[in-house]
Structure formats: structure tokens, C-alpha cells
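Reader: I have a model open in my viewer and would like to go through some of its local details with you. Could we take it piece by piece?

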Amino acid sequence: MRLLDRYVLRNFLEPFLLCFFGFIAIWLLLDLYNNSSDFIQYHTPMKMIARYYLSQLPAVVLLSIPIGLLLAILFSLSKMSRHNEIISMITAGCSVVRVLAPLIVVGALASVVSYFLNREWAPHAEGVKKIMLEAITRGEQRAEGRLTMDGYLFRNRKENRTWFVQHLRLNSADLVGVHISQQDEAGNIRHKWYALRASYQAAKHQWTLLKGMQVDLDEKGDVVKIDSFPEGFRIIPGWDETPWRIASGQLEAQNLSIDELRDYLKGNSDFPAVQLASFRTNLADRFAFPLSCLVVIFIAAPLGIVFSRRGVLSGVATSIFIFFAMILLRYLFLWMGKGNHIDPEAAAWLPDVLFMGAGMFLLYLRASNRELKLAFWK
């Protein structure tokens, strides 16, 4: 690493770390202010409070990285510009792109880190937060990390099978209070199963119904046969439902990891496009959002390099305006994608593509020593 790269990185890393940890500290104080009364009222142990905040840390870090990058780049480059250090580097034969090269590398590394956070930990944070806060308000000393559902209805359109489950727990292989109806192609109910409990064996791809009965019906709906097993069990192979697929119909797309979103889309491919749009949009956003760290570099860096005090203020204001415009446009496109108004993949990627193009254009102008206002007149 050249001396120039180390100098640029040192000027950047100090304000970045201050901004990054500053935002985390602000979030921590605000969250403690909102929830401290519950922690005190329900005598929540410190171990559970620590678990709660550790579970939220990936989501907070994910949001703090691009903001920290923006402010640190603006501060470091504008400071170097005021001291004429950028001009000295350019005069010594370094191009603007060469000066910004270590910052572009930092942006790429930040995008990689954000991707791994956004793959599973950050999406799960909101769901874990809800579960733990509910456990705290109930006075429980520990929170179960699994979602429970009561009175849940699931429809398998491919197989014309409907499940009603009295109680289920996500990531558990057991369902409690099961009523299953099997229809024929004409929509007539031909078989019904009732069971106190249903258990799924993933290795054998089969269901075991415990303590229940099977009812066979004819086309008119009259009972033909009743086969009870009040103390035994009934093994049913070949069904493509799994406990996770049954529960996934009530899950919120923004709280699912990449693998869970893929499983949902694969297992529920027969759902209408409107119903799947939110999951497709969030899946694409898992990959698109981390790229915003690199986009921030291309937006802020050219505007941070200025050669007058007036230009410093203008560049800072412009870059902050563009950054918040990018956030607003991102949420607008995501809303349109989740509503199936535009293609979900396009909704996730278009903001990054548009603002990356704008950032590269700004970098081109700065590298050629041209002002943005002049570019429109030439």
C-alpha cells in the first residue's frame, strides 16, 4: 500500500468510526429510553437485555454503515480540499480516480459486509425483537426464538389440500390439533383427516398423524368410511407440505433470510403473482441494498473534492440531498415492487443502478475538472 493510500485512509477512518459508533450509541440510547420502563417494571434480567440488544445489532450496523460512509467521506475530502492537499496530489501526477481508489475499495468491502449482515441476521432482527419484547411484557425470564401461530389455515393449491392447524411453532416438526381436507379436481372433498398431533419426518418425507381418524366421502359429500386410530398413528407419505411451508404463509417477507425467501417462493410457486411480489422484491433487495455502500462512495467522493469554501458547502449539501433522495426513491420502488406495479427485481435494483450512474457521471466531471452546471451547457 502506497503512502498516499494510507494517508487517505487515515483521514477517512477516523471520522467514519466516530460516525459509525455514534449512530449506534444514539440508537442504543433511544431504544433504552423507549423500553427501559418495561425492563424495570417486569424485572428483566441483564442477560436477557443483553441478548435483546445483541440480536438487534446486525440491523443497526447495516443501516449505520452507508450513513457513516457518507459523512466520513464528505468530512475527510472537504478537509483535505480546504488544506489544498487534493490539489497537491493532482499536481504530483495522481488522477482523481487514483486518489479515491482506497475509498472505492472500502466501499466494496463495506458492501460485502452488508451483504452477509443482510443475508440472515439483519432480517431476523425485527422478528426477534417482537418475540423478545412480548416475552418481557409477559414477565418471562427468557424468550423463545421461534414464532408461534394459533388457528392457522393453509391451502396447497397444487394438491387441492387444505390444512387447519390449531397450534404450530415455526422451526418445529410438530403441529397440534390438525384438520386436513383433500379435494378432487372438481373441488369435491373426498377425504378428511383429524389428528391430535401431526409430526413430519424430513428424512423420509412423510407425515405421521397421531390419535385421530380418517373420513372418506363420495362425490355427493356422504360419508363412505371412517377409520379411527384413537390410540395409534397413521403414516402418510408423498405429501409435499412441510411444517415450515405451512407456517410460511403468515410470515412477513421483510423478516425472512435469503434461504427462507427462496424456500417460500419455491414451495408456494402456485400462489398468485401479487401475493409473491413482496417476497420476490425482498429477495432481490437482499442483494441490491448492500450495493448502496459502494453507491455512496461514488456519490459523495466527487462532491467532497472541491477547490473553494463555497464549493465545500455546495458539495456537502448536494451529496446529502442526493443520498436522501436515493433512500426515498428506494422505498418508493420497493413499495411499487411489493404491490406488483413493476417487476420486483427491477424495483430492488433500479435505485442502485440510477444513482451509481449518477455517481460515475459526477466522478467523470470531477476527473475532467468540469463543474456539473457547465456540463449541461457544453
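This is a predicted model: local features need pLDDT of at least 70, side-chain atom pairs count only at pLDDT 80 or more; totals for chains, interfaces and linings use all residues.

Reader: What about His-43, what is its phi?

Author: His-43 also is not a glycine, and its phi is positive, at about 50°. His-43 is found in the loop between α1 and α2, and with a relative accessibility of 66% it counts as exposed.

Reader: Staying with strand β2 for a moment, where is Arg-169 placed, and how accessible is it?

Author: Arg-169 has its place in strand β2, and with a relative accessible area of 24% it is partly exposed. In space, the C-alpha of Arg-169 is 6.3 Å from the C-alpha of Met-149, although the two residues are 20 residues apart in sequence.

Reader: Now the aromatics. How many aromatic pairs are there in the whole structure?

Author: A search of the whole structure finds 16 aromatic pairs. One of them is formed by Phe-39 and Tyr-52, with 6.1 Å from centre to centre and 70° between the planes, and this pair is edge-to-face.

Reader: Which parts does that pair tie together?

Author: Phe-39 lies in helix α1 (residues 3-41) and Tyr-52 lies in helix α2 (residues 46-82), so the pair ties together parts that are 13 residues apart in sequence. Phe-39 is buried, and Tyr-52 is buried as well.

Reader: Why is the pair of Trp-193 and Trp-239 edge-to-face?

Author: The ring centres of Trp-193 and Trp-239 are 5.2 Å apart and their planes stand at 80°; planes over 60 degrees apart count as edge-to-face, so this pair falls in that class. The pair links distant parts of the chain, 46 residues apart, with Trp-193 in strand β4 (residues 189-201) and Trp-239 in the loop between β6 (223-237) and α5 (243-248). Both of these tryptophans, Trp-193 and Trp-239, are buried.

Reader: Which residues form the aromatic cluster there?

Author: One aromatic cluster is formed by Trp-163, Trp-193, Tyr-200, Trp-207 and Trp-239.

Reader: Switching to helix packing, at what angle do α6 and α7 pack?

Author: Helix α6 (residues 258-267) and helix α7 (residues 273-288) pack at an angle of about 150°, and their axes are 10 Å apart. Angles over 145 degrees count as roughly antiparallel, which means that α6 is roughly antiparallel to α7. The crossing of α6 and α7 is left-handed.

Reader: Which residues make that contact?

Author: From α6 the contact uses Ile-258, Leu-261, Arg-262, Tyr-264 and Leu-265, while α7 brings Gln-275, Leu-276, Phe-279, Arg-280, Asn-282, Leu-283, Arg-286 and Phe-287. The residues in this contact of α6 with α7 comprise 8 nonpolar, 2 polar and 3 charged ones.

Reader: And α4 with α10, what is the angle there?

Author: Helix α4 (residues 96-137) packs with helix α10 (residues 344-367) at an angle of about 135°, with the axes 9 Å apart, and that makes α4 oblique to α10. On the α4 side the contact is made by Val-96, Val-97 and Leu-100, and on the α10 side by Leu-363, Arg-366 and Ala-367. The residues of this contact of α4 with α10 are 5 nonpolar, no polar and 1 charged.

Reader: What does Val-99 contact, leaving aside its neighbours within four places in sequence?

Author: With those neighbours left aside, Val-99 is in contact with Val-8, Ile-86, Met-89 and Cys-94. Val-99 has its place in helix α4 and is buried, with a relative accessible area of 1%. Between the C-alpha atoms of Val-99 and Leu-63, which are 36 residues apart along the chain, the separation is 27 Å.

Reader: Last one: is Ser-114 buried or exposed?

Author: Ser-114 is found in helix α4, and at 0% relative accessibility it counts as buried. Not counting residues up to four places away in sequence, Ser-114 touches Leu-62, Ile-65, Pro-290 and Cys-293.

Methods
Residues are numbered from 1 along each chain as its sequence is written. Side-chain values use heavy atoms; hydrogens and water are left out. Axes are lines fitted to C-alpha atoms, for helices over the stretch in contact, and angles run from 0 to 180 degrees between N-to-C directions. Helices (H or I, at least four residues) and strands (E, at least two) are DSSP runs, numbered from the N terminus. Angles under 35 degrees count as roughly parallel, over 145 as roughly antiparallel, 65 to 115 as roughly perpendicular and the rest as oblique. A crossing is left-handed if the near helix is turned anticlockwise from the far one by less than a right angle, and right-handed if clockwise. Contact means heavy atoms within 4.5 Å. Ala, Val, Leu, Ile, Met, Phe, Trp, Tyr, Cys and Pro count as nonpolar, Asp, Glu, Lys and Arg as charged, and the others, Gly among them, as polar. Rings of Phe, Tyr and Trp (its six-membered ring) pair if their centres lie within 6.5 Å; planes under 30 degrees apart count as stacked, over 60 as edge-to-face and the rest as tilted. Buried means under 20% relative accessible area, exposed over 50%, partly exposed in between (1.4 Å probe, protein chains only).
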